[in-house]
2 protein chains.
Amino acid sequence: MSRWKPDAAGRLIKAAITLFDQQGYDETTVADIAAAADLTKRTFFRYFADKREVLFSGSEELVHLWLEAVAAAPEGADPLAAATAGFDPVAEMFVERHEFARMRARIIDSNPELQERELIKLQNLAGGVKSALIDRGVSSNAAILAAQASVTVFHVAFARWVEQDDPAAFRRLMDESLDELRAVATA
Amino acid sequence: MSRWKPDAAGRLIKAAITLFDQQGYDETTVADIAAAADLTKRTFFRYFADKREVLFSGSEELVHLWLEAVAAAPEGADPLAAATAGFDPVAEMFVERHEFARMRARIIDSNPELQERELIKLQNLAGGVKSALIDRGVSSNAAILAAQASVTVFHVAFARWVEQDDPAAFRRLMDESLDELRAVATA
């Protein structure tokens, strides 16, 4: 029925984020999102399982980039250096998405169910980093601790990044948070 | 209809854990649990919102003990020392619950929904520790990082504790995990 529309997924994400932000997450339906993107509900469900998944559609890419970087870290890298090797590609991935990330953060902060989903995604990321570290020969205990530390640092830096205006600041904020973690752990 | 039965909550917890472990969490109903404890469903719902909450009934006490200890930590304690001040009372709380904790860990490990609930409880704990640190005058960033580190160390030590046979080992395992975290962060 409808002609081919380029970047349907991108348009659905933009429409969803805008509607969630303007009229509220709970108040927005898949039908609203599809209509705002000038697409059908059927097209929506070709890309996303439900409206919630629109907010987490970048997480697979994030995990993929991060784990690839852990695997590719220099052979002699210590566990935390290897775990945080994901910071470079992840900061690069996000630099174009600052406005999206800010709106998304507001939406998630306003909804406990979305906050829970966010936490679970972060814990899945930590689990992936842990496995990638174990694959590098890191002991299970050090792998869990380094993975969790790296994800916490990422999370803290992310929260700061969406609160300020410079899209390019993410990488620096990660370094600052990492330094703070080191300071906390060695006090 | 039924005469008063002492420690109804304790009996319901024991019955639930045993049934979850023997016949599976999904396969066990509230009616099964109540019957095994020789109590009514109505009594069950006086103590627990649903069968899942039986597994998390200790978490309020855990959070309470932990946050109280953070607030009571010596004035000069650094953020991580204050955050981990909860280890003493928490280890003491758990020493009598080793067998329960082991069965509970098996049940949770077998069910993704329960694993998610466990993660969220841990993150709520970390949020509480963070707030308690901020109340002590710790900066928001250091508070988040120290709180998350303390909860990760607790979580790692807990997983080791349920895998070995000595109920009294928990406190020592917490110290070992904390040392490992320091080593990871300063490598």
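How many salt bridges does the rule count over all chains? The count comes to 24, a salt bridge being a side-chain nitrogen of Lys or Arg within 4 Å of a carboxyl oxygen of Asp or Glu.

## Basis of the model

This is a predicted model, in which local features need pLDDT of at least 70 and side-chain atom pairs count only at pLDDT 80 or more, while totals for chains, interfaces and linings use all residues. Residues are numbered from 1 along each chain as its sequence is written, chains are lettered from A and ligands numbered from 1 in the order in which they are written, and side-chain values use heavy atoms, with hydrogens and water left out.

## Where the chains meet

In chain B, 25 residues are in contact with 25 residues of chain A; contact means heavy atoms within 4.5 Å. Together the two chains bury about 2,400 Å², with 70% of it on carbon and sulfur atoms. Buried area is the accessible area (1.4 Å probe) that two parts lose on being put together, summed over both. Leu145(B), Val184(B) and Ala185(B) supply 25% of the area that chain B buries against chain A, more than any other three residues.

Two salt bridges are counted between chain B and chain A. Arg117(B) forms a salt bridge with Glu116(A), with 3.6 Å between the closest N and O atoms. On the side of chain B that touches chain A, α9 (112-135), α10 (140-161) and α11 (170-186) of chain B each supply at least two residues. Helices here are DSSP runs (H or I, at least four residues), numbered from the N terminus. The most comes from α10(B), with 10 residues.

Of the 22 residues of α10(B), 17 are buried, where buried means under 20% relative accessible area, exposed over 50%, and partly exposed in between (1.4 Å probe, protein chains only).

In chain A, Ala157(A) lies in helix α10 (residues 140-161). Ala157(A) is buried, at a relative accessible area of 0%. Not counting residues up to four places away in sequence, Ala157(A) touches Phe170(A), Leu173(A), Met174(A) and Ser177(A).

## Salt bridges within a chain

Glu180(A) pairs with Arg160(A) in a salt bridge, the closest N and O atoms being 2.6 Å apart. This pair links helix α11 (residues 170-186) of chain A to helix α10 of chain A, across 20 residues. Glu180(A) is partly exposed at 26%, whereas Arg160(A) counts as buried at 15%.

In chain B, Glu61(B) forms a salt bridge with Arg97(B), at 3.0 Å between the closest N and O atoms. Glu61(B) lies in helix α5 (residues 59-71) and Arg97(B) in the loop between α7 (87-95) and α8 (98-109), so the pair ties together parts 36 residues apart in sequence.
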